[in-house]
Amino acid sequence: MKSFKKSTDFILDLFFPVSCLNCNLAKNKLTNPQGYLCLNCFKKIEINSWAFCPKCNKKLINLQPCQTHKNNPLKILGAATFYENKLVKKIIWEYKYNFIEPLVDPLNEILKKYYLAVFEPELTNKQPLVTFIPLYPARYRWRGFNQSEVLAKKFALDLNLEFYETLKRKKFKKPQMEIKSYQARFENIKNSFEIIKANQIKNKDIILIDDISTTGATLIEAAKVLKQNGAKKVYGLVVAKG
Ligand SMILES: [Zn+2]
Ligand SMILES: [Zn+2]
C-alpha cells in the first residue's frame, strides 16, 4: 500500500509539479521536502510566543489566564500566527476552499512549532486529548473533508497524543464568517454543539483545534459543552487569529 502511495505521489508530482506557494521553489528533498511551503519560507513565518484571552484578546504569557475572564469556559486561546500574514492566509484559503488537502502539512508544522514552544512547557498534563471543531453534516458533504479534523488528527499523530472526535453539530446555523457583529456570532453559535461520548472526556485536559479564530465564539461555545460534560481544562488552539 505504501509503495503504491509512493508511486502515485511520484506520478502526481510528474504531471502536477508541486512548488512552494510563496517562492515557487520546486519540491525537492533538501530545501522543500513537503512541496507547498519550502523550509526557507516556513522559517520566515512569525510564530507568536504568547496565547490570547479569547474574550478580550489580551496577550497571555506562560498560559496564565486573564484575570477579568478567568471564569470563561475557554480561558486560553493559542494562535500560532495571524491571518493578516499574506502567506498564512493563502495557505489556509487554498486548504479550505480549494480543497488542497496536502496543505495540512505546512499548517501542522506551524501549529506544532507554536505548541511546542508556548504550550507544552507550561502544561501540567503533558498528554492532553486532542479534538476539533466539527462541521455541519451538509457542509461536510459539500467540502468532502473537515479541515480542522484533518489538521487535529495529523497534529495528534505527530506528537503522539490521544485523538478523539468529541463533538457534533446539532442544527444548521449560518456560517460564522457570514455574520459581522460579535454579539450576533455568539447568538448564532449558541447550543449548536452536542457531546458524542462523555466518558471519553471525563477529567481530561483537552486541546480543541480549529484552523482560524476570529471572535473566538465557536471555540468558547465548544469549550462550554466539553466542560459541562466533565472535561477538566480546555485550551483552544488555532493556526491563525483573524
Ligand atoms: Zn518558498
Ligand atoms: Zn480577558
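## Helix 7 and helix 8

Helix 7 (residues 182-189) and helix 8 (residues 217-228) have axes that come within 9 Å and cross at roughly 35 degrees. The model is predicted. The crossing of these two helices is right-handed.

Helix 7 contributes Arg-185, Phe-186 and Ile-189 to the contact, and these meet Ala-217, Thr-218 and Glu-221 of helix 8. By class, the contact holds three nonpolar, one polar and two charged residues.

## Helix 4 and helix 6

Two packed helices are described by the angle between their axes and the distance between the axes. For helix 4 (residues 104-119) and helix 6 (residues 147-159), the angle is about 55 degrees and the axes are 10 Å apart. That angle makes helix 4 oblique to helix 6. The crossing is right-handed.

On the helix 4 side, the contact is made by Val-104, Leu-107, Asn-108, Leu-111 and Lys-112. Helix 6 supplies Val-150, Leu-151, Lys-154, Phe-155, Asp-158 and Leu-159. Seven of the contact residues are nonpolar, one is polar and three are charged.

## The buried residues of helix 4

Which residues of helix 4 are buried? They are Val-104, Pro-106, Leu-107, Asn-108, Glu-109, Ile-110, Leu-111, Tyr-114, Tyr-115 and Val-118.

## Two domains

The domain assignment of the protein chain gives domain 1 (1-42) and domain 2 (45-241). Their centres, taken over C-alpha atoms, are separated by 28 Å.

Eight residues of domain 1 are in contact with ten residues of domain 2. On the side of domain 1 that touches domain 2, five residues are nonpolar, three are polar and no residue is charged.

## Leu-167 in strand 5

Leu-167 lies in strand 5 (residues 167-169). Is Leu-167 buried or exposed? Leu-167 counts as buried because 22 C-beta neighbours lie inside 10 Å, and the cut-off for burial is 20 or more.

Leaving out residues up to four places away in sequence, Leu-167 touches Pro-134, Phe-193, Glu-194, Ile-195, Ile-196, Ala-222 and Val-225. Tyr-97 is 70 residues from Leu-167 in sequence. In space the two are 23 Å apart, C-alpha to C-alpha.

## Lys-75 in a loop

Lys-75 is found in the loop between strand 2 (59-60) and strand 3. Lys-75 counts as buried, with 22 C-beta neighbours inside 10 Å.

Not counting residues up to four places away in sequence, Lys-75 touches Pro-65 and Lys-70. Lys-55 is 20 residues from Lys-75 along the chain, and their C-alpha atoms are separated by 8.3 Å.

## Positive phi at two asparagines

Most residues other than glycine have a negative phi. Asn-57 has a positive phi, near 65 degrees. Asn-57 is found in the loop between strand 1 and strand 2. With 14 other C-beta atoms within 10 Å, Asn-57 is partly exposed.

Asn-160 also has a positive phi, near 60 degrees. The place of Asn-160 is in the loop between helix 6 and strand 5. How many other C-beta atoms lie within 10 Å of Asn-160? There are 7, so Asn-160 is exposed.

Notes
Residues numbered from 1 in each chain as written. Chains lettered and ligands numbered in written order. Predicted model: local features only at pLDDT ≥ 70, side-chain atom pairs only at ≥ 80, totals over all residues. Axes fitted to C-alpha atoms, helices over the stretch in contact; angles between N-to-C directions. Helix = DSSP H or I, 4+ residues; strand = E, 2+ residues; numbered from the N terminus. Left-handed = near helix turned anticlockwise from the far one by under 90°. Contact = placed C-beta atoms within 7 Å. Nonpolar A, V, L, I, M, F, W, Y, C, P; charged D, E, K, R; others polar. Parallel < 35°, antiparallel > 145°, perpendicular 65-115°, else oblique. Buried ≥ 20, exposed ≤ 12 C-beta atoms within 10 Å, placed from the backbone. Domains from an automatic or database assignment.
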